[in-house]
Structures are given as C-alpha cells and as structure tokens.
Amino acid sequence: MIRPYVLADTNWKHLKDFKYDLAILPWGATEAHNYHLPYSTDVIEGTAVAEESGKIAWEKGAKVVILPTIPFGVNTGQSDIYLDVNLNPSTQFAILKDVITVLDRQGIRKFMILNSHGGNNWKSIVRELGLLFPKMFLCVGEWVKTVDRTKYFDDPGDHADEMETSLILHLAPDLVLDKKEWGDGNEKKNKIEAFTQGWAWSERPWSKISEDTGVGNPQASTKAKGERFFNAICEKMGQLFVEIAEADTDNLYE
C-alpha cells in the first residue's frame with residue numbers, strides 16, 4: 001500500500017498537482033552498536049519514527065512528507081572502529097543546503113531534521129542555513145528526547161543500551177544477535193570530573209571508553225518495552241508534525 005506521506009513510496013501521478021506543507025528529513029548514522037545490534041540501528045530507528053509519526057500526522061490532516069533517511073552521521077570520535085562511516089559537519093551542511101534549495105524553490109517552506117544520532121549537532125548548521133534561506137522555517141526534532149526514558153526502562157544508557165536494544169527488538173528483531181552475545185556496555189568515565197558532570201565537553205574517543213562499543217547495559221531489554229516506547233515517541237512527534245504543518249511561522253510568539 002502506497003503511503004502518500006513517504007516520498008520514497010509515492011509517485012508523480014500523486015505529486016504533480018499536490019503541495020506539502022512540511023518536509024521531514026530523518027538523519028541517522030552507520031556505526032557499531034555493541035556486539036549485538038546492527039550498524040543500521042540509528043537508520044532503522046529514525047526511519048521508523050519518522051514514518052509512523054508521519055502517518056499519525058497525515059491521518060490528522062497534516063500535509064507532511066518524509067524524505068529518505070540520510071544513513072551517515074558524524075563519527076569523528078570513532079575513526080578506528082571498523083566501518084563506522086564518518087560524515088563531517090561541513091558535508092552535512094552542503095547536503096542540507098542542496099536539499100533546502102530544492103524545497104525553497106518549490107515552495108515547501110517548513111523543514112525539519114529528525115535527528116537519530118547523538119554525534120550529529122545541528123544548531124550552528126541550522127543557524128547558518130537560516131540566514132541563507134530567510135523564507136524557510138528550519139527546525140530540528142530529537143526523537144530520543146520526546147519522552148522520559150526512565151518511565152520505560154530500568155537502566156537507560158547512551159548507546160546500544162536497554163532503550164536501543166528494546167527498540168530494535170521491536171522494529172527489526174531478526175537483526176539482533178542472541179542474548180548470550182550481548183556486551184555489558186560498560187563506560188569508562190573521564191578522570192576529569194567536569195567532563196563527566198557535563199559542564200565541560202571534549203569528544204569521547206569511543207574505543208577508549210567502551211570495549212564492546214556500547215554505553216549502557218542492554219540486559220533488561222525487551223520487545224514489549226521497545227513497542228511501548230516507540231508508540232509514545234511517535235504519538236508525541238506526530239502531533240508536533242501537525243502543529244508545525246499548520247502553524248503560521250510568521251506569527252509563532254505571544
């Protein structure tokens with residue numbers, strides 16, 4: 001069944017006389033996720049959240065379109081981990097500039113990056129693009145931050161943890177290795193306390209902080225937890241799509 005809110009599904013017969021109000025670009029990464037999850041974890045999650053949220057918004061009357069997911073993200077701290085593919089921020093800027101140029105020219109003036117990878121940092125890029133495209137409303141959605149993870153998981157971590165393992169058990173269970181293969185996701189902390197507390201920052205060299213590339217113990221993960229979390233995310237994100245699609249972006253503040 002063709003989903004008219006998913007660009008990869010739809011066709012020129014449908015689009016030649018149609019106009020969307022909001023375009024959403026899921027942006028993931030290709031990288032190791034502990035021993036047991038696929039390299040495509042961020043892509044699977046971002047695509048699924050975008051498409052299910054798009055469905056919810058479409059059924060509420062919002063004219064949204066989900067663009068094909070970008071599969072590579074910023075992995076500068078993982079250069080020594082085999083086939084963790086890095087896309088530099090300057091490359092992300094160039095890709096976004098080209099995509100937004102098309103949307104701006106064709107009158108789709110609302111655009112969201114739906115982020116699905118922690119290494120992607122969008123604020124400075126969006127600020128610069130905003131100056132170049134003053135007619136565009138540009139924003140970023142972080143699906144992982146939509147709901148309180150502690151309400152769904154016993155030990156939410158940071159990467160290939162209970163949350164991500166539960167999600168992939170729900171979304172792509174055939175790609176998850178048997179539980180006996182799971183690493184413990186133990187993270188080595190920075191000896192300088194300010195970096196651990198979060199008020200100072202330096203990039204984490206991934207192979208030095210984790211033996212299995214995971215950060216967070218996945219052992220309590222279940223498909224049921226992943227399904228509940230996924231549904232909660234998509235309901236909230238879908239409503240955001242509706243609000244942006246319907247908003248007068250020249251009159252957002254009161």
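User: Before we look at anything, what are the ground rules?

Analyst: Residues are numbered from 1 along each chain as its sequence is written, and side-chain values use heavy atoms, with hydrogens and water left out. Because this is a predicted model, local features need pLDDT of at least 70 and side-chain atom pairs count only at pLDDT 80 or more, while totals for chains, interfaces and linings use all residues.

User: Okay, the sheet. What is the order of its strands, and is the pairing parallel or antiparallel?

Analyst: Terms come before the case. Helices (H or I, at least four residues) and strands (E, at least two) are DSSP runs, numbered from the N terminus. Two strands pair if DSSP finds at least two bridges between them. Here you have an open sheet of 4 strands in the order β2-β1-β3-β4, with parallel pairing. β2 (64-66) and β4 (137-142) are the edge strands, each pairing on one side only. On average, neighbouring strands of this sheet are turned by 20° against each other, direction ignored; axes here are lines fitted to C-alpha atoms, for helices over the stretch in contact, with angles running from 0 to 180 degrees between N-to-C directions.

User: How many bridges join β3 to β4?

Analyst: Strand β3 (residues 110-115) runs parallel to β4 and is joined to it by 6 bridges. For landmarks, F111 has L138 as its bridge partner in β4, and L114 stands opposite G141 in that strand. Toward β1, the parallel pairing with β3 covers 5 bridges, and A23 has F111 as its bridge partner in β3.

User: Which residues of β3 are covered on each side?

Analyst: The general idea first: in a regular strand the side chains alternate between the two faces of the sheet. "Buried" means under 20% relative accessible area, "exposed" over 50%, and "partly exposed" in between (1.4 Å probe, protein chains only). In β3, K110, M112 and L114 on one side and F111, I113 and N115 on the other are all buried. That makes 6 of its 6 residues buried.

User: Which helix lies across the sheet strands?

Analyst: Helix α8 (residues 223-246) lies across β1 (22-27), β2, β3 and β4, running at about 160° to β3. With a relative accessibility of 7%, A245 counts as buried. Contact means heavy atoms within 4.5 Å, and A245 touches D21, L22, A62, V64 and K110, leaving out residues up to four places away in sequence. A245 and D21 are 224 residues apart in sequence, yet 5.5 Å apart in space, C-alpha to C-alpha.

User: Why is α5 described as largely enclosed?

Analyst: Helix α5 (residues 162-171) has 9 of its 10 residues buried, so the rest of the structure largely encloses it. Those buried residues are E162, M163, E164, T165, S166, L167, I168, L169 and H170. Their cover includes α2 (41-59) and α8.

User: Last one: which residues are linked in a network of salt bridges?

Analyst: Side chains of opposite charge can pair when their charged atoms come close. The rule used is a side-chain nitrogen of Lys or Arg within 4 Å of a carboxyl oxygen of Asp or Glu, and the count comes to 10 salt bridges. D158, E187, K189 and R204 are linked in a network of them. K189 meets E187 at 3.0 Å, N to O, and R204 forms a salt bridge with E187, the closest N and O atoms being 3.1 Å apart. R204 lies in the loop between α6 (193-197) and α7 (206-209) and E187 in the loop between α5 and α6, so the pair ties together parts 17 residues apart in sequence. K189 counts as exposed at 55% relative accessibility, whereas E187 is partly exposed at 21%.
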